[in-house]
Amino acid sequence: MAETRGGCGPSMDLFRSEAMQLVQIIIPIESAHLTVSYLGELGLLQFKDLNSEKSPFQRTYATQIKKCGEMARKLRFFKEQMLKAGLTPSIKSTRADNDIDNLEVKLGELEAELVEMNANGEKLQRNYSELVEYKLVLQKAGEFFSSVLNSATAQQREMESQQTGEESIETPLLEQEKFTDQSKQIKLGFIAGLVAREKSMAFERILFRATRGNVFLKQAEVEEPVIDPVSGVKIEKNVFVIFYSGERAKNKILKICEVFGANRYPFTEDLGKQAQSITEVSGKISELKTTLDAGMIHRDNLLQNIGDQFEQWNLLVKKEKSIYHTLNMLSLDVTKKCLVGEGWSPVFATKQIQDALQRAAVDSNSQVGAILQVLHTKESPPTYFRTNKFTTAFQEIVDAYGVAKYQEANPGVFTVVTFPFLFAVMFGDWGHGICLLLATLYYIIREKKLSGQKLGDIMEMTFGGRYVIMMMSLFSIYTGLIYNEFFSVPFELFGRSAYACRDLSCRDSTTMGLIKVRDTYPFGVDPVWHGTRSELPFLNSLKMKMSILIGVSQMNLGILLSYFNASFFRNNVNIWFQFVPQLIFLNSLFGYLSLLIIMKWCTGSEADLYHVMIYMFLSPTDELGENQLFPGQKTAQLVLLLLALVSVPWMLFPKPFLLKKQHENRHQGESYALIQSTDDSLQSETNHNSHGHGHEEFEFSEVFVHQLIHTIEFVLGAVSNTASYLRLWALSLAHSELSSVFYEKVLMLAYGYNNIMILIVGIIVFVLATIGVLLVMETLSAFLHALRLHWVEFQNKFYEGDGYKFLPFAFALLQDEEE
């Protein structure tokens, strides 16, 4: 293990992960719960599961976990009820009892009370809904019977008025016929109720078919939707009255009503009894309404009281459950009087952990305190970087590729600067940068309020990366000032242009007629280049060469970091047979190209660098002629080419043979090593072997093939990675051209019509296009390309990323967990 820093709280260091140690804690049974609770509050110890061979039901504290799970279920039930009632749990909870046993009893009582209230409320609501429907049936069917009775009475009076007192030859026969008809009258039965309006047509059709048309159905629409007693949902319904003849027809009708969910209610023909029934039902409805309202008020008060303490109860149950989960990871001593646990902790946290153990022993009145001891192990420790709200997002970018191996150089330190800078090279426009900055400042200013709210997925991601976006926007403003672009418009911010037209004919046509009349423009691109014919060739040349310089610099940084890794882990083989040849190979070719670019800029030479680099390989002995930039260039190129060729076998061959020799020296005479071992040391050696750090066989062929692949990958990657950095030039050009198109072909075109309406439409289209395409899509595109350059071109030079995160047992993490 590497040498570690002492002290209780060292300054935050992102370059190397914190020094870790494997500790063993022996805790007396009586203070185990409180000890684990205090360690959870501290949050600096990652426990190892010493009972991995046991199922969850075989562990010591399975009963307590089951109890906590039952309490969590009750709390979920309360939350569902609160959401249904339109209440939200109070964030600032009142002081609640921290005794878990009292809480268990209280939750059980509250659940029983709430379940009973719900059952009573549902029963009362069903009765209320039935009475409301019954009242509707009485009213609508009563109206139907009353109208029919009035019609019949009027018809009878009309018939009586038509009859005269005069007798005719037909009179006795008519009277006899009337009496005969009365004796043969059939008594009709009827059924009244309500059916859903959407089912009424099908209901009528089925009735007609089932009874072969021997029914009479009368329906009346109910104006307002009514609550169905069975489902409890508001439904539009129709009141129906069905007249039938015979018991058989009645049975069919009843079955059809049951299938269609039609609710039937008793009904009488007597108008007096109908009025009396309506009065009675109205009274019952009024009483039930009062009872229901009182029950709802009581239920809401109960839920409000639960909501005031819900968050604290929920956190307490989560803490209790996590404590017992952790206790289940500890092994029970043979005496069954103490628990033994192992875990990883940062070295700087040793004093804090000891204080927590001592405090737990005192508070639990334990006669024996917990014992903490450091274990020596060959197992690779977890990786722990202490980050703040600014560096967390940058570290997450690195961790998404792979978590750093224990104490290897962390790219996150450099990513804080290089990631937003590479983004800005592709997004260089200080107008767009200001827009991004203003949007980010909104998140930063309101971060305390927003951090406590639940945001959507995209908003949550944007809020989490607010400081990354802020850095991206600041660097975009910087590169935008260098490119001299404000929504593609140049400004003379740092002085007047160094060039002027020789005559009027050269204006807006070409830069060939420009002459230098002042000192060079002090910062960035001279505004005179924008809008001329030479703008694209000039900026293409500038940005392409700048991309190569940036790429070679960052790749050299990656190779340099591989030296720091090898030096830190005392791996001289990697220094001499990986770092040195890689540095020579890259700089013999592309480092030399970067030097030529700088020399050409400084001297103003017109040498063709394409020609120089191509013929450096094809004809290294030919004279350079007009492409020569410095004396002795041909000799220098031959030396560099020879160094590049030598560095390839230098990378490939020595390392596998040296590793084989090291392995043989390390394990020479190993067969005699275990004779002096006691049982304990044998057990210790077995444990080491079980972690995969035993004396495995050295496979030379496997190591050689791996080194061959690594060498080929680096040699080919040196070319492809350098070419990959040209995306900086391509995306920068695309962003500039898109911005220019939106400005000239939308905004300026609309301005040229001298029409206020066209201008307003043009401004709206320009704003929407700028936001949608340049500030959203282009930002995402440049972000992804910068991500690729870091993950592939930069990190593969030194970063292994095969570690695992330090995940301590911490109560602070419980609040972020989803149910």
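The largest nonpolar core comprises 71 residues, of which Tyr592, Leu596 and Leu728 touch the most other members. A nonpolar core is a set of buried Ala, Val, Leu, Ile, Met, Phe, Trp, Tyr and Cys residues joined through side-chain atoms within 4.5 Å. Helix α16 (residues 572–603) supplies the largest share of this core, eleven residues. Another core, of 55 residues, lies apart from it and includes Phe78, Phe310, Leu330 and Ala360.

The model is predicted: local features need pLDDT of at least 70, side-chain atom pairs count only at pLDDT 80 or more, and totals for chains, interfaces and linings use all residues. Residues are numbered from 1 along each chain as its sequence is written, and side-chain values use heavy atoms, with hydrogens and water left out.

Helices α18 (residues 633–652) and α21 (residues 700–724) pack at an angle of about 150 degrees, with their axes 9 Å apart. The pair is therefore roughly antiparallel (angles over 145 degrees). In their contact (heavy atoms within 4.5 Å), Val648, Met651 and Leu652 of α18 meet residues of α21 including Phe704, Leu708 and Phe714. The contact residues divide into seven nonpolar, two polar and no charged.

Arg570 counts as exposed because its relative accessibility is 70% (exposed means over 50%, buried under 20%, with a 1.4 Å probe and protein chains only). Asn754, at 73% relative accessibility, also counts as exposed.

Conventions: Axes fitted to C-alpha atoms, helices over the stretch in contact; angles between N-to-C directions. Helix = DSSP H or I, 4+ residues; strand = E, 2+ residues; numbered from the N terminus. Parallel < 35°, antiparallel > 145°, perpendicular 65-115°, else oblique. Nonpolar A, V, L, I, M, F, W, Y, C, P; charged D, E, K, R; others polar.
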